[in-house]
Amino acid sequence: MTRRQTHLAAHFPGVNNTTVWTDPSAGSQIDFSSFEHFARTAERGFFDYLFLAEGLRLREHRGQLHDLDVAGRPNTLAILTALAAVTAHIGLVGTLNTTFNEPYELARQLGTLDLLSNGRAGWNAVTSSDAFHGANFRRGGYLDHADRYVRASEFAALSKALWSSWRDDAVVADAESGAFLRDDAVARVRHESRLFDVDAVFDVPRSPQGRPVIVQAGDSPDGRDFATDHADVIFSLHTEFTDAQQFYRDVKGRLAARGRDEDSLKILPAATFVLGDTADEARERSREIALAQVRPQTAITYLEQIWNRDFGGYDADGPLPDVEPDTGAETAQGFAGRHAAIRARIDQLRALAAEEKLSIRELVIRLTAKHTFVGTPEHVASEIDRYVQERATDGFTVVGHVTPHGLDEFTDRVVPLLQERGSYRRSYDDGATLHDLLGLPPVATPVR
């Protein structure tokens, strides 16, 4: 029986609560050498693509910059473009927002990266409607929350129309006749709606893969619909085996109605890992790493953001605060639902803490720093293979905890075991695009 092949993406361990910047082996989160090392390691491990998350604004809490963000957040496209020059095979995927960009401009930037990298570019399309990020663009909360995926869907459809507006054989370059482009080489793209009004002749030819791969991370019903309409990959949060299987069945089951088959959409949940020579050693390492990921102030900040109260006087290693949240005026329009949702969330946290006898810090670790795979390399490889063979996922987006060496151990100790199982590639095919690496169907050639 043919074994299903495992697909792996590599998430750069940049500025987030996964990263342990206090680790003695940690390096810079912004030096190009860190990105280059990570990219070369992922390529050495034959990963499908490397993935850069992006935030449009430094995180703040009570008017202060969050300590994990003070290193800054360099521009995603600039980093990926530089990495294209020092890699040859691996895909290059970045998070770019559909709310605070414009379709033509972003399609042009991604199309250029895709063309110059010989078909290795990808776009993680994310949405936003909050005023915190919008303030950077003088738009505040101008976009209604309900319109996030309306705009995203139109944005993606318009981007794909622009990318497909060039024929594959558009360029003739016939010196004798003086013809450079075919007469019908480029189609005009027109789109008019309440959100976009575009009349464009796109200026970037198609890449070898036709267009960038589209990745999506939304989990709401609207997010799942967007994924089945437009995405090639889902960056999922579902990592518990049974939950992952249910998510897999739900999303893949929506594809037939869109005229798509199971292999046209890959599901690659984010997965953290901790390795040890024995199971006990791995568990102890996991505990130590989690404590480094969730320091006392980080745990207190997590609760303050839910309760909307100052908990600076509380012990992170003590019990949950026995106080009510500050949810604003219950009678104000729109606040009643928010009030109920916050109370329900707090009730859930209190029940979990009571059931498992967790302190504040232990609870936050349980919620934010529980590692997906903990054990020997053999155990981790076996679990990854089980998820793939039993259709819980198509693979994983691997997240390390140290910059830039967070992928080294996985590449050296887990990848060879997946290869021995016959469920992971041993080399890249020459000229393979990111669509090819992911096993996605070819992008249809535009018909004129």
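Buried means under 20% relative accessible area, exposed over 50%, and partly exposed in between (1.4 Å probe, protein chains only). This is a predicted model: local features need pLDDT of at least 70, side-chain atom pairs count only at pLDDT 80 or more, and totals for chains, interfaces and linings use all residues. Residues are numbered from 1 along each chain as its sequence is written, and side-chain values use heavy atoms, with hydrogens and water left out.

**Stop 1: D184 and R167.** Select both side chains. They form a salt bridge, 3.0 Å from N to O (a side-chain nitrogen of Lys or Arg within 4 Å of a carboxyl oxygen of Asp or Glu). D184 sits in the loop between β8 (179–181) and β9, and R167 in the loop between α5 and β7 (171–174), so the pair ties together parts 17 residues apart in sequence. Helices (H or I, at least four residues) and strands (E, at least two) are DSSP runs, numbered from the N terminus. D184 is partly exposed at 32% relative accessibility. R167 is partly exposed too, with a relative accessible area of 21%.

**Stop 2: R343 and E324.** Here the salt bridge spans 2.5 Å, N to O. R343 lies in helix α10 (residues 335–356) and E324 in the loop between α9 (296–307) and α10, so this pair ties together parts 19 residues apart in sequence. Next, select D219, R224, D225, D229, D250, R254 and R258: salt bridges with shared partners join them into one network. The structure holds 36 salt bridges.

**Stop 3: the core.** Which residues touch the most other members of the largest nonpolar core? Select F47, L50, W123 and F410, from a core of 67 residues. Such a core is a set of buried Ala, Val, Leu, Ile, Met, Phe, Trp, Tyr and Cys residues joined through side-chain atoms within 4.5 Å. Helix α5 (residues 148–163) gives the most to this core, with seven residues. Another core lies apart from it, with 21 residues, including I300, L303, L358 and L363.

**Stop 4: two domains.** Colour domain 1 (7–276 + 376–438) and domain 2 (284–369); the bounds come from an automatic or database domain assignment. Their C-alpha centres lie 31 Å apart. At the interface, 12 residues of domain 1 are in contact with 13 of domain 2 (heavy atoms within 4.5 Å). The count between the domains is two salt bridges. Finish on R62 and E304, whose side chains meet in a salt bridge at 3.6 Å, N to O.
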